[in-house]
Amino acid sequence: MSVYAERRARALAAFGGGVAVIPSAREIIRSNDSEYPFRQNSDFWYLTGFDEPDAVLVLAPEHPEHTCVLFLRERDRTMEIWNGRRLGVEAARDVLGVELALAIGDLDAKLPELLVGAQTLYFDPETHPAFEARVRGAMRAAHAKTRRAGRAPHSVTDPADALHAMRLVKDAHEIAAMRRAGALTAQAHTLAMRATRPGAHEYEIAARIEFETRRAGAQHMAYQSIVAGADNATILHYRENRDVLLDGTLLLVDAACEVDYYAADVTRTWPVNGRFSPEQRAIYEIVLAAQEAAIAQVQPGRPQRAFHEAAVRTITEGLIDLGLLQGGVDENVERERYRDYYMHGTGHWLGLDVHDVGRTRDAQDRPIALAPGMVTTVEPGIYVHRDLPCDERFKGIGVRIEDDLLVTNDGHENLTAAAPKRIDEIEAIVGSEAVTAVR
Ligand code: MG
Ligand code: ZN
């Protein structure tokens, strides 16, 4: 509870004289009357630790009586029998530490009063479109109240600059959750490698990773698993996960869990039969070398772009050595010819969201420098699409290796280091589990 109170205090200071309206996520229909699994809005979770829909947090720094108000669902015996427990207004103050808790039904009546005196209203209409009309209505009502004296906000400003700068640098509570998400995911990848053999299906591997992380205590997957056998690996966001795994091909697995709302994001690539072919090995070694060169750049004070540049250079050199690119390293880098094989960035912020918030360039458009508490993925890859006019032997090979790196005071900590990635380790592990499944 104190973690969230401390974050709200910092957010209140960051919002200055403005009032921030931060809604929860809503339940979303999947089909007819059944819903998608509920996932709380990350900003709302960051400031409350409260996992119910139909709630709104209002931070009003200048308000004379209460700077922090939570609107939430009331207790309801019938609804709770059918749909699950609710915290309720009475318990919210003690459980969540907010100054004032009110019924969500009172929001339209109370919000204008909370806006009086504020210069700016912080609200994100893109994330909460269904809520925008109510917020604008509250602004009009606040102006009506203050026609003669006082003031009320005239414009709506995105709270992201203030809030997402906070979320970019993880506190101890967040780092603990991310360490665990990384460790559980690494263990699940190891077990999935053991269970891989020709004739298994992509969906079995996906299910195994989900099972292992859930069994160990993770609540959700952090994103839709990518389990891509053979040249499915050259489709960056392949998610069908339904093909059979073929002898002699590679399997690319990009799958990870979420622990207490914090994501891991891990990719490993391994041979279905446990042995890399010479061509697979050659590509894999380049990607691994690129990842190691990139990880070495994850240091406090280094520009965020540096690790991408290191990965690009290593991949370009490797592609030239294999004859997949022609010419010198510098010209291939400058003309971005490597992009035929490596068309994505080398990393993104990681946290409450798998592609987490936070800028990569500052207000002057300079690259952000890495700082302790930031968490980034490092995930180079090479994808030799069938359509590329290149050496046939390499066609259909796709390799990505992805780890989650916490920037520390003196370098970095790899949160997902326990997932095997050396060739000798992988070849020793893949397929080593005794077959027990009934087909
Ligand atoms: Mg990933
Ligand atoms: Zn990623």
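This is a predicted model: local features need pLDDT of at least 70, side-chain atom pairs count only at pLDDT 80 or more; totals for chains, interfaces and linings use all residues.

Reply: Helices H10 and H11 cross in a right-handed manner; a crossing is right-handed if the near helix is turned clockwise from the far one by less than a right angle, and left-handed if anticlockwise. Residues are numbered from 1 along each chain as its sequence is written, with chains lettered from A and ligands numbered from 1 in the order in which they are written.

H10 covers residues 278-296 and H11 residues 306-321, and they pack at an angle of about 155° with their axes 8 Å apart. Axes here are lines fitted to C-alpha atoms, for helices over the stretch in contact, and angles run from 0 to 180 degrees between N-to-C directions. Helices (H or I, at least four residues) and strands (E, at least two) are DSSP runs, numbered from the N terminus. H10 and H11 are therefore roughly antiparallel: angles over 145 degrees count as roughly antiparallel, under 35 as roughly parallel, 65 to 115 as roughly perpendicular and the rest as oblique.

Which residues in H10 and H11 meet? From H10 come Ile-286, Ala-289, Ala-290, Ala-293 and Ala-294, and from H11 Phe-307, Ala-310, Ala-311, Thr-314, Ile-315, Gly-318 and Leu-319, where contact means heavy atoms within 4.5 Å. This contact has ten nonpolar, two polar and no charged residues. Ala, Val, Leu, Ile, Met, Phe, Trp, Tyr, Cys and Pro count as nonpolar, Asp, Glu, Lys and Arg as charged, and the others, Gly among them, as polar.

Another pair is H5 (residues 107-115) with H6 (residues 132-145), whose axes come within 8 Å and cross at roughly 55°. H5 and H6 are therefore oblique to each other, and their crossing is right-handed. Among the residues that meet are Leu-111 and Glu-113 in H5 and Ala-138 and Lys-145 in H6. That contact divides into eight nonpolar, no polar and four charged residues.

H1 (residues 2-14) packs with H7 (residues 160-168) at about 140°, their axes 9 Å apart. This crossing, too, is right-handed. Arg-7, Arg-10, Ala-11 and Ala-14 in H1 touch Ala-162, Leu-163 and Met-166 in H7, giving five nonpolar, no polar and two charged residues.

Now to the metals. The zinc ion (ligand 2) is held at 2.0 to 2.3 Å by Asp-265 (OD), His-348 (NE2), Glu-379 (OE) and Glu-402 (OE). Donors are N, O and S atoms within 2.8 Å of the metal (3.2 Å for Na, K and Ca), and water is not among the atoms, so sites may look incomplete. Finally, the zinc ion (ligand 2) and the magnesium ion (ligand 1) are 3.0 Å apart, with Asp-265 coordinating both.

Conventions:
Side-chain values use heavy atoms; hydrogens and water are left out.
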